[in-house]
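Please examine the structure shown here before reading on.

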Amino acid sequence: MTTPTPPALLIAGHGTRDDAGAAAFRDFVRELGRRHPELPVAGGFIELSPPPLGDAVTELVERGARRFAAVPLMLVSAGHAKGDIPAALAREKERHPGISYTYGRPLGPHPALLRVLERRLDEALRGTGDDRSEVTVLLVGRGSTDPDANAEVFKASRLLWEGRGYAGVETAFVSLAAPDVPSGLDRCVRLGARRIVVLPYFLFTGILPDRVRRQTEDWAAAHPDVEVRAADVIGPEPELLDLVMERYEEAAGGMVRMNCDSCVYRIALPGFEDKVGLPQQPHFHPDDDGHHHGHGHGHHHGGHSHEHAH
């Protein structure tokens, strides 16, 4: 019996007018291919920079691939991940009769990336001697007209705050959504912050992360009484390479998962390590009017059952 050939890995990027950011994406795709010589790997952009996603599909087809697992190299699911990439893949099926694909999930917020963000914060604070309890973080996302995508950035902020000891983690956006970076910094100060680290929620360098840094520097110059530092982007870290392969394996295997990346019963999150693997029982909310009975629904998390009553 022959083992089926695994599907090729197709990486879909957003695109940027920044040459360094586009080069970082291409280097990342090459590194994935180097790490996984057993797989055909290629990547392309939806807009703004070469190569286009269609060229990446053509490259894989010319290498003999007929099945693909496409992974969006994006932190949140906004218009590109929800609409543009599936539409582009549908066009490629018409251009290359006989190919098929499955589509993976965006990358964040994932505990592995939260660890990288924490590392970027430590790097920004190096040499300051600051106690984390005196540091407020402003996590800055891309911004979208999609409220679900913006909400995902707020979720990342909350997960970054949980168990790590920062005074607080606030959220802002560099484009298309409020609050913007200056407004986010103003909010931090109103909440009592005197030491702030602005943390870009971006995978690679580019025009928007550069804008975040400039806006941070301009605000800091106008507020000399507040200590403000700027952290770096996530970058092509081993955690990111591993996470893309995790998303690939999900898509290739047809695994439909609930929101398990940040589940305390599955993943050892800071401050909640004792909850991993705990058996779940229906629970009740006696303080909620009308909730003196349970409507249990269960789901399984890698060997343990999760029962929720609400």
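Helix α4 (residues 111–125) lies across the strands β5 (136–141), β7 and β8, and runs at about 135° to β7. Here helices (H or I, at least four residues) and strands (E, at least two) are DSSP runs numbered from the N terminus. Axes are lines fitted to C-alpha atoms, for helices over the stretch in contact, and angles run from 0 to 180 degrees between N-to-C directions; contact itself means heavy atoms within 4.5 Å. Helix α7 (residues 207–222) also lies across β5, β7 and β8, running at about 165° to β8.

The model is predicted: local features need pLDDT of at least 70 and side-chain atom pairs count only at pLDDT 80 or more, while totals for chains, interfaces and linings use all residues. Residues are numbered from 1 along each chain as its sequence is written, and side-chain values use heavy atoms, with hydrogens and water left out.

To which sheet do β5, β7 and β8 belong? They are part of an open sheet of four strands in the order β6-β5-β7-β8, with parallel pairing; two strands pair if DSSP finds at least two bridges between them. Strands of a sheet pair through backbone hydrogen bonds, either parallel or antiparallel. The edge strands are β6 (168–173) and β8 (227–230), each of which pairs on one side only. On average, neighbouring strands of this sheet are turned by 25° against each other, direction ignored. Strand β7 (residues 195–200) runs parallel to β8 and is joined to β8 by four bridges. Val198, for its part, has Ala230 in β8 as its bridge partner.

A further open sheet consists of four strands in the order β2-β1-β3-β4, and its pairing is parallel. β2 (41–45) and β4 (100–103) stand at the edges with a single partner strand each, so one side of each has no neighbour in the sheet. From one strand to the next, the twist averages 25°. Four bridges connect β3 (residues 67–72) with β4, and these two strands run parallel. The bridge partner of Phe68 in β4 is Tyr101. Helix α1 packs on this sheet, touching β1 (8–13) and β2, and its direction makes about 165° with that of β2. Helix α8 (residues 238–253) packs on the sheet as well, touching β1, β3 and β4, with its direction at about 135° to that of β3.

The spaces within the protein can now be considered. On a 1 Å grid over the protein atoms alone, a cavity is a set of points where a 1.4 Å probe fits but cannot get out, and a pocket is an open set with protein on both sides within 12 Å along at least five of seven lines; lining residues have an atom within 4 Å of a point. The largest pocket has a volume of about 800 Å³, a volume being the space filled by probe spheres set on the points, which are joined across faces, edges and corners. Of the 39 residues that line this pocket, His14, Gly15, Arg142, Phe202 and Leu208 are the closest to its centre. The elements giving two or more residues to the lining are α1 (19–35), α3 (79–95), α5 (147–161) and α7.

Which residues line the largest cavity? They are Leu10, Val57, Phe68, Leu89, Glu92, Ile99 and Tyr101. The space in this cavity is about 40 Å³.
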